[in-house]
Every structure is written in C-alpha cells, then in structure tokens.
Amino acid sequence: SHLSAQKTTPPIDPIRESVVMSLACWIGPEQNVLSKPEPAHCRRLWLEQPCLLPAEMAALLDVGNRFKGWRVKVLDATFPRSEGPPGLQRHLNRVCDEAAAVVAEGCEVLVLSDESVSSDWVQIPSLLVCGAVHQTLVAEKLRLKTALVIHSGDPHEVAHHALLLTFGADAVCPYLAYEALLKLRDDGKMPEKEGQPDAKVCASYQKAVGKGLLKIMAKMGISTLQSYKGAQIADAIGLGKDVVAMCFYGIASQLGGHGFEQLAQRTLAVHERGFSAVPRGLAADSLPNEGQYHWREGPNAEKHLNDPMVIAKLQEAARSNSRAAYASFAALHNSLVKASSLRGQLDFKPPRQYGRAPIPLEAVEPASEIVKRFRTGAMSYGSISMEAHTTLAIALNRLGGFSNTGEGGEDPIRYQPTPEGDSMKSAIKQVASGRFGVTMEYLSNSQELQIKMAQGAKP
C-alpha cells in the first residue's frame, strides 16, 4: 500500500502547484558527481515521463544500433509452466543473476520483458522481477550503471506504474494495456475514440497515467519523479518475509503473508485463464470478474463492505426504526469487516486474561455522553443530497455531536433554527483551495474548521 504524507511532510496540490512538479528524468549510467566534469557525464537518456509509448519503447530498444557505445539487453521475465510453482522463484533468481552479469559487462539499458508469454511460458509478476533485479543490482553496487526498463503486460492501473517506479524501475511500457485500448476502440466499446489513430489513443492513456502519478507523488509531498524513483514509498500487506527480503528489502511487512509458493500458484491460475484447455467455443464470452472494483456474486469474488444485503438491511433499519433489522445489519457488516479488513482481525481480550476485574456499570460513561464525541464523514451535500445532509446535521446536533459540511459550502438558511427548534447547520466546516461557498458567515457559524491541503483533511 502506498504511503501518504504525515504532519511533518505536507502534501502538494498536483493541479494548482503543478509548476513545482515534474515527471521528467534522466535514465542510464550515472557518473560520480564529485569527479571532474567530462563528456561521459552527459551520456544519459532524457524521458519526459516514465510511461513509454510503443513507438518510444521501440526507439529505446534500437538505441544500441543508432548510437555508438550504447548497449541494450533484453532479459526474459518468464518461467516454464511445466516447472509448476517452484519455477517462479528459480527463474526469479535466474533473471537476477543474468542482470548482474550483463550490467557488469557494460549494459547501459536493461529491459525486463515478459512478451514471450505463451501457453508453455508463464509471466513472472512485473513488480516481483523489478524489485528483485533492483535489489540485486544495488547489493552488487551496479544499479547506477544502467537504466532499468519494464516491458510488461502486467501493469495497467496508475498504482501499478507507481509501485514499479518506487521499487526501482526507470521506465515502464505496458504493451498489453495499449493493445487492450486499441481492441476496445476497434470493437466499438469506446465511441469517443472511433477513428482516432493508434498513436493518439495510446497518448491519451500515457497522459492519464502521468496525471495519476503526479497525484500519488503529491500525497507524499514529493514533487519530482527523481525523488520518487527507488524510494520505496510503500508498505507490504500480506507478503511473506522471504518475498520482502528478496524483492522489497527495507520496507515494513508487519503481518507476513504469501510466500513465493502462493504467489506462483496465483500466477499460474491467472495464466490458465488466458491459455485454458477448454475449447474456445465452449468458453465464456467474457473474462471472469473477481469484483475488484464493483461487487460481484460468487465464492471467489472480492469481499466488499458495501454488500447488497448489508445495504438492504441498513435501509430497512433506517426506514422502520427496527432493532431487529439493525441487529441483522450489524451482524452482516461485522462478518464482512472480519473477512475483508485488518481491523476485523482484532478482538477484545476478556479482563481475566490480564488480571483485571470488570468495572461496575455505574462507573461507565452513559451513552448520552459518549455520542457527543461522534463525528460524521466529510460529505458535501452535492455528493449526497440536501435532505440527507440536513438530516445528518439535525441528528448530530440533537446528540451533541459534530456533523461535517464537506467542501461544498452550506446554505445560509441552515443557520436559522427550524420551527421544531432543531439546528441544520454543521458544526465542522471545511475550507478547500479554490472551492466555492467559503464566506465569513460560513466560517463564523462553525465550531471547528478543517483546512484541506491537496484534498487531505488536516484539522
């Protein structure tokens, strides 16, 4: 998971402060900056951004033929399907050994490619091979002698690009993402791209990835790609110590988790989908959807807290004020929290386990006092509705808690009491850069102000 800025490192607004942000970077062998200046210091490649277009990747692969003294080496990042799960780690070591050998011989551009994937050859996950090669070159004191380029069908989301870069890659060419976009255009699934040349369709994706990278960097308060590359701005969740030690040395992995065996099994399962033994005519018309973005039904689907049955029970409880319906909602919700989040794995120990006796009920703070510390989420009324927004404010004001305006301002009519004597104004007001609705009246009708920096609330 990506890290984000804390109190000592404020985030950046990647849009309004874009003048200080850059994705451009030099790649290739670096010389000692303290040595005497000479032409060798200038023998590097300049990239405007790390997401390479197919034409740019082709030019990079050809740089050794076009410019004297440049050597480009492509290493195969796949393993034989016949070797099964053990093949992943074995060939990961093989790629690392080959990488160290060719860089020691003077390779200036090292490309890790899985383009040779076939029914008999399985891709090594790009983040694993990128991290492992990067760590190997660092350990051998060879990393600054070459550019590390990932040519893979694996990355397609912005987060994939960001992780590859922060764990050592200098550039990424997501060839399968480009091929998928062109296929969608040709099949009429993207009417707005119909008739556009291939280069323009790919450039749109490249631009979107660039903007996404700037946003991810900005959350950590980093303004240039040069500071983000290789900085390992992430923690591991669910990865075993052996995987972290080889591929992501130095980052935190508090929980442990999957080792190479489990990762290989998942990789082989994904490979089986693409090269299934089932005849094409009998296969499903669409790719399997595990529900990573939207809820999907099925035993192997991703768990979501916003399960349809949970929402139905919550609505029933709210409409009927039924304790039984709320109990059903709470039971379903708690089971999903346990199945899909880290906090769901925590439980209270009984007092007897640590030598404590329960305190008398008379000493427990009453619920009427506890709810005064409740806060609602910061949702602008434009994101829900005026009715829902005012209902939340009235409810929290009755309880003595704090509702939050979000960043959309607040109608001044809500500052006046209702005929029933209720207050519709939110106790917490947010101030965001360039947002409407922030007036002196708005600010003076608050009990707490939250100033948002780069869309991150900082009370």
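**View 1. β5 and its two parallel partners.** Strands β5 and β7 run parallel and are joined by 5 bridges. Within that pairing, Val-109 sits opposite Ala-147 of β7. This is a predicted model, so keep that in mind for every view here. Strand β3, covering residues 72-76, also runs parallel to β5, and 5 bridges link them. For a landmark in this pairing, look for Val-74, whose bridge partner in β5 is Val-111.

**View 2. β5 from both faces.** How many residues of β5 are buried? The count is 5 of 5, so the strand is largely enclosed by the rest of the structure. Neither face is left uncovered: Val-109, Val-111 and Ser-113 are buried on one side, and Leu-110 and Leu-112 are buried on the other.

**View 3. The largest nonpolar core.** This core has 43 residues, and those touching the most other members are Leu-92, Leu-110, Leu-112, Val-129, Val-133, Cys-247 and Phe-248. At least two core residues come from each of α3 (86-104), β5 (109-113), α4 (126-139), β7 (147-152), α5 (158-166), α9 (241-247) and α10 (260-274). Which element gives the largest share? That is α3, with 8 residues. As background, nonpolar side chains tend to be buried together in soluble globular proteins.

**View 4. Zooming in on Cys-247.** Cys-247 is one of the core members that touch the most others. Skip its neighbours within four places in sequence, and Cys-247 is in contact with Leu-92, Leu-128, Gly-131, Ala-132, Gln-135 and Phe-260. Apart from the core in the previous view lies another one, of 41 residues, including Leu-60, Val-149, Leu-181 and Ile-222.

**View 5. A nonpolar patch on the surface.** Ile-237, Leu-255 and Leu-342 make up this patch, and together they have about 310 Å² of accessible area. Leu-342 belongs to the loop between α12 (323-340) and α13 (367-370). Is Leu-342 buried or partly exposed? Its relative accessibility is 47%, so Leu-342 counts as partly exposed.

**View 6. A salt bridge within α3.** The structure holds 19 salt bridges, and one of them pairs the side chains of Glu-98 and Arg-94 at 3.5 Å, N to O. Both residues lie in helix α3, 4 residues apart, or about one turn of the helix. Glu-98 counts as partly exposed because its relative accessibility is 30%. Arg-94 gets the partly exposed label too, with 22% relative accessibility.

View 7. What about burial of the two ends? Arg-185 is buried, at 13% relative accessible area, whereas Asp-198 is partly exposed, at 39% relative accessibility.

View 8. The side chains of Arg-414 and Glu-410 form a salt bridge at 3.5 Å, N to O. Are these two buried or exposed? Both Arg-414 and Glu-410 are buried. Also worth a look are Arg-143, Asp-170 and Lys-229, which are joined into one network by salt bridges that share partners.

Note on methods
Residues numbered from 1 in each chain as written. Predicted model: local features only at pLDDT ≥ 70, side-chain atom pairs only at ≥ 80, totals over all residues. Heavy atoms only, no water. Core = buried A, V, L, I, M, F, W, Y, C linked by side-chain atoms within 4.5 Å. Buried < 20%, exposed > 50% of the residue type's maximum accessible area, 1.4 Å probe, protein only. Contact = heavy atoms within 4.5 Å. Patch = residues over 30% accessible without salt bridge, like charges linked within 9 Å, V, L, I, M, F, W, Y side chains within 5 Å. Areas by Shrake-Rupley, 256 points an atom, 1.4 Å probe, with all protein chains shown as cover. Salt bridge = Lys/Arg side-chain N within 4 Å of Asp/Glu carboxyl O. Pairing = 2+ DSSP bridges.
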